[in-house]
Amino acid sequence: MTQMFGATPTSFTFGSAVGVPTVFGETPAASVDRHADCTDEIESKKRLSLFSQHDLIIKIENIKLNVNKEQLMAESPVFEKMFTSDFKEKDKQEIELEGKDVNSFVDFLRCTLPGIDEKFTDKTVQSVIPLADEYQTSNTLRKADLFLAEKSKAIGDKITSEQLITNILQAELYQLPSFLEESITIACRKSFEKFVKNPKFNEITSETRLKIALKRWSDMDAVFKSTNHLNHVSESVDFYKLHGQPVLPSSPIEESGPSFGRGGLSPGASVHTQNLSIQLKPFMQTN
């Protein structure tokens, strides 16, 4: 079984801030046309790179994968150092990678090398991320980060607390910022007791735990404000001027609306209070 992968894509330098090549005296329409031609040329070269010269064989589990060394080095600083520094692999035309799963490595190559640009799936993203991290292929990690963030956003609160903690730990380990941010947004709506009692909760970094708490605080303040329940103001005092003096009883807080009693809402329950209850429901996810 031999897999064929492509060659180094030609680079283009664009003259304008928006990436449209310009020529002095050229009309905007002509400039756009030239930009379209360049874009077509780039895509064409990517497609053709799949069939260009291969000068390196990667052997995994007795299976040989033919790749282009320059292309591999362009995507991975690890491979670049391997083939340019004084390592035993420097001048070899065939290298063997031990301890690797051939299918996972093929998925990694297909998601990394130009000319293929394979999209991630739920299965491949999990096997590719550790390899992308090991070989420092930042473009591949960025694609994986966006894929997982979009997936999390689509599922939202249906993600369980247990899975969410796993997601956060993965995002922290592989430095996936978009995935982490979306996970924090979902985590701030989970029930405190359900989320914190998970055995792996303490493995989350203190920085991320603080972000979850602050996000919940901020979002709940926004709910109270939108329903006119963020207008109770206690009397302010100078803390140090009270030193050595008797502490006065606090002034009763004036209620701007009906309160909750033992039996539920008071008879004069307002629409604002009902809206508050509805809008606070998302912050009590118990799954």
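The model is a predicted one, in which local features need pLDDT of at least 70 and side-chain atom pairs count only at pLDDT 80 or more, while totals for chains, interfaces and linings use all residues. Residues are numbered from 1 along each chain as its sequence is written, and side-chain values use heavy atoms, with hydrogens and water left out.

Starting with the overall picture, the chain holds 11 helices and six strands; these are DSSP runs (H or I of at least four residues for helices, E of at least two for strands), numbered from the N terminus. The chain has 287 residues, and 33% of them count as buried. Here buried stands for under 20% relative accessible area, exposed for over 50% and partly exposed for anything in between, with a 1.4 Å probe and protein chains only. Among contacts (heavy atoms within 4.5 Å) with a separation of 6 or more, 65% link residues 24 or more positions apart.

Next comes the core. In soluble globular proteins, nonpolar side chains tend to be buried together. A nonpolar core is taken as a set of buried Ala, Val, Leu, Ile, Met, Phe, Trp, Tyr and Cys residues joined through side-chain atoms within 4.5 Å. The largest one in this model has 48 residues, and Ile58, Leu72, Phe79, Phe105 and Phe195 are those with the most contacts inside it. Helix H4 (residues 102-112) supplies the largest share of this core, six residues.

As for cysteines, Cys111 has 2% relative accessibility and so counts as buried. Cys188 is at 0%, so Cys188 is buried as well. The disulfide count is zero, with a disulfide taken as a pair of cysteine sulfur atoms within 2.5 Å.

Now for the helices. Two packed helices are described by the angle between their axes and the distance between the axes. Axes are lines fitted to C-alpha atoms, for helices over the stretch in contact, and angles run from 0 to 180 degrees between N-to-C directions. Angles under 35 degrees count as roughly parallel, over 145 as roughly antiparallel, 65 to 115 as roughly perpendicular and the rest as oblique.

H4 and helix H5 (residues 122-134) cross at roughly 80 degrees, their axes coming within 9 Å. H4 is therefore roughly perpendicular to H5.

Helix H8 (residues 177-187) has Phe179, Leu180, Glu182, Ser183, Ile184, Ile186 and Ala187 buried. The cover over these buried residues includes helices H6 (138-155), H7 (161-173) and H9 (192-196), along with H10. H7 packs on H8 at about 150 degrees, with the axes 9 Å apart, so the two are roughly antiparallel. Leu164, Asn167, Ile168, Gln170, Ala171 and Glu172 of H7 make this contact with Phe179, Leu180, Ser183, Ile186 and Ala187 of H8. Against helix H10 (residues 206-226), H8 packs at about 50 degrees with the axes 8 Å apart, so H8 and H10 are oblique to each other. Here, Leu180, Ile184, Thr185 and Ala187 in H8 meet Thr208, Lys211, Ile212 and Lys215 in H10.

The loops are worth a look too. Gln136, in the loop between H5 and H6, is not a glycine, yet has a positive phi of about 55 degrees. With 46% relative accessibility, Gln136 counts as partly exposed. Gln175 sits in the loop between H7 and H8 and, although not a glycine, has a positive phi of about 55 degrees. Its relative accessible area is 68%, so Gln175 is exposed.

Lys158 lies in the loop between H6 and H7 and is exposed at 71% relative accessibility. Its C-alpha is separated from that of Ile186 by 9.3 Å, though the two are 28 residues apart along the chain. Lys200, in the loop between H9 and H10, is partly exposed at 42%. Lys200 and Glu162 are 38 residues apart in sequence, but 8.3 Å apart in space, C-alpha to C-alpha. Beyond its neighbours within four places in sequence, Lys200 is in contact with Ile165 and Leu169.
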